[in-house]
Amino acid sequence: MSNLDALDLARIQFAFTVSFHIIFPAITIGLASFLAVLEGCWLKTGNAVYKDLYHFWSKIFAVNFGMGVVSGLVMAYEFGTNWARFSDFAGSVTGPLLTYEVLTAFFLEAGFLGVMLFGWDRVGRKLHFFATIMVAIGTLISMFWILSSNSWMQTPQGIEIVDGRVVPMDWFRIVFNPSFPYRLAHMALAAFLSTALFVGASAAWHLLRGRDTPQVRKMLSMAMWMILVATPVQVVVGDAHGLNTLEHQPAKIAAIEGHWENIPGEASPLVLFGLPDMDAERTRYSLAVPYLGSLILTHSLDKQIPALKSFAKEDRPNSTIIFWSFRVMAGLGMLMLACALLALVLRRGGALYRNRLFLWFALLMGPSGLIALLAGWFTTEVGRQPWVVYGMLRTTQAASNHSATQMSITLALFVLIYFSVFTVDIGYMMRLVRKGPKTHEAHVLPEQPGQLATARRPLSVAD
């Protein structure tokens, strides 16, 4: 770390903590909605398979929810400790938005989570289903406010700057800023896809081990249907998001495409592969398709996409990073679609649960949703640089006044603690996955005749 200054270390520290954190909310959002669907299907059909799956995945949800809460608290403190100037500049907007998230989403989740996890045999079926739905809605509301805050940093509006600080003028325009609808839909679909791939991989693992039960089959079937429906929708939403980014953050699009200059009167090519060189101002070893860049990004053959050389050097995002992070995200998206289409073909042939090559494919695709999600967030956040609040506050102006030594020590501690704590937690969650769903399990045991057992630990639901 000797060649890194305090700003670089602060950025690495936040990237490290947010990369750990985002995994858990994504799975939490997807699993909460999945649990609501499972309980709704059980109430409608009476099929005990859905009930067994609900109890199985609620255990994993409980562990994942706890890890998401803990990892999220750290980032809230980082805003004050490492990015005090940003908080001073934009706190009048980001502070209330994050407060709304706590007052609406977190309180809603906390209020109904206990009923959802421990109230199965303590409350009526309709009330328990209502609690599950409220928790699912709470996760979506949480995503709403977090994405609104982050999207405002990407496309700020509805404010004035007075004495070097942001003053909110129109909260509707702040919340529903230009990039927010696209990014909200994109993130929601990413969460559902990540969860579906996780569920599908779990089912594939059990089938490969010879555990062919109705519960496991239902897991795989539901996961593949979700991927088949959500992936094409994600492609359409991603295209709309790209057009929005082209309008509001053209330098990001130029860096994603590794596109350095335009030839007058000629449509822009699409660079498929290459090695962007920020110093040489060109993309080495590029493999490009003529006209395709203009066709995809402007939906025409007579318009050009922005070129990086048209922006000042100090305003250019790092193309070397986001050129590849975007392609990782897009490439994995194509593999997801291939997996879902293959599942559809095998389903029609009756071989969905027996084809071992497909099951291995589904198993290996398990982490692909989370990898694509992380790649997408790297593309978004690195592509916003050198700005924290786009066009208003540079990253160099946002950091606290810490030394490189201080940041090195805290970064090392974060790495040590995170890997120690979360490795254990993730390992425990994966052990739960390996156990698989039980058939008609007894979920609550009476301590005495006529008396229901009482949970004594927050994670006792996962025992």
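A crossing of two helices is called left-handed if the near helix is turned anticlockwise from the far one by less than a right angle, and right-handed if it is turned clockwise. Helices here are DSSP runs of H or I with at least four residues, strands are runs of E with at least two, and both are numbered from the N terminus.

The model before you is predicted, so local features need pLDDT of at least 70 and side-chain atom pairs count only at pLDDT 80 or more, while totals for chains, interfaces and linings use all residues. Residues are numbered from 1 along each chain as its sequence is written, and side-chain values use heavy atoms, with hydrogens and water left out.

I turn to the helix pairs. Two packed helices are described by the angle between their axes and the distance between the axes. The axes are lines fitted to C-alpha atoms, for helices over the stretch in contact, and the angles run from 0 to 180 degrees between N-to-C directions.

Consider α7, residues 214–248, and α10, residues 319–349: their axes come within 9 Å and cross at roughly 135 degrees. The two helices are therefore oblique to each other; angles under 35 degrees count as roughly parallel, over 145 as roughly antiparallel, 65 to 115 as roughly perpendicular, and the rest as oblique. The crossing of α7 past α10 is left-handed. Which residues of α7 and α10 make the contact? On the α7 side they include M224, W225 and L228, and on the α10 side they include M336, L337 and C339; contact means heavy atoms within 4.5 Å. The residues of this contact divide into 14 nonpolar, three polar and one charged. In that scheme Ala, Val, Leu, Ile, Met, Phe, Trp, Tyr, Cys and Pro count as nonpolar, Asp, Glu, Lys and Arg as charged, and the others, Gly among them, as polar.

The next pair is α2, residues 48–81, with α14, residues 404–435; here the axes come within 9 Å and cross at roughly 170 degrees. That angle makes α2 roughly antiparallel to α14. Among the contact residues are F56, K59 and I60 of α2, together with F414, Y418 and D425 of α14. By class, this contact has 13 nonpolar, two polar and two charged residues.

A further pair is α3, residues 84–118, and α4, residues 125–154, whose axes come within 7 Å and cross at roughly 170 degrees. These two helices are therefore roughly antiparallel to each other. Their contact has 22 nonpolar, nine polar and two charged residues.

Let me now speak of the cysteines. A disulfide is a covalent bond between the sulfur atoms of two cysteines. When a disulfide is taken as a pair of cysteine sulfur atoms within 2.5 Å, the count comes to zero. Is C339 buried or exposed? C339 is buried, at 0% relative accessibility, whereas C41 is partly exposed at 23%. Buried means under 20% relative accessible area, exposed over 50%, and partly exposed in between, with a 1.4 Å probe and protein chains only.

Some backbone details deserve mention. Q385 and P386 are joined by a cis peptide bond, with omega about 10 degrees. P386 lies in the loop between α12 (368–384) and β5 (387–389). Y285, which is not a glycine, has a positive phi of about 55 degrees. This tyrosine, Y285, is in strand β4, residues 282–289, and counts as exposed at 70% relative accessibility. Y291 also belongs to this part of the account: phi is near 70 degrees, a positive value in a residue other than glycine. Y291 sits in the loop between β4 and α9 (292–298) and is partly exposed, with a relative accessible area of 45%.

K303 is in the loop between α9 and α10 and is partly exposed at 48%. Which residues does K303 contact, leaving aside its neighbours within four places in sequence? They are A267, S268, S294 and T298.

I close with two more positions. F176 lies in the loop between α5 (171–175) and α6 (180–208), and is partly exposed at 38%. Beyond its neighbours within four places in sequence, F176 is in contact with F144 and Q157. V345, in helix α10, is exposed, with a relative accessible area of 56%.
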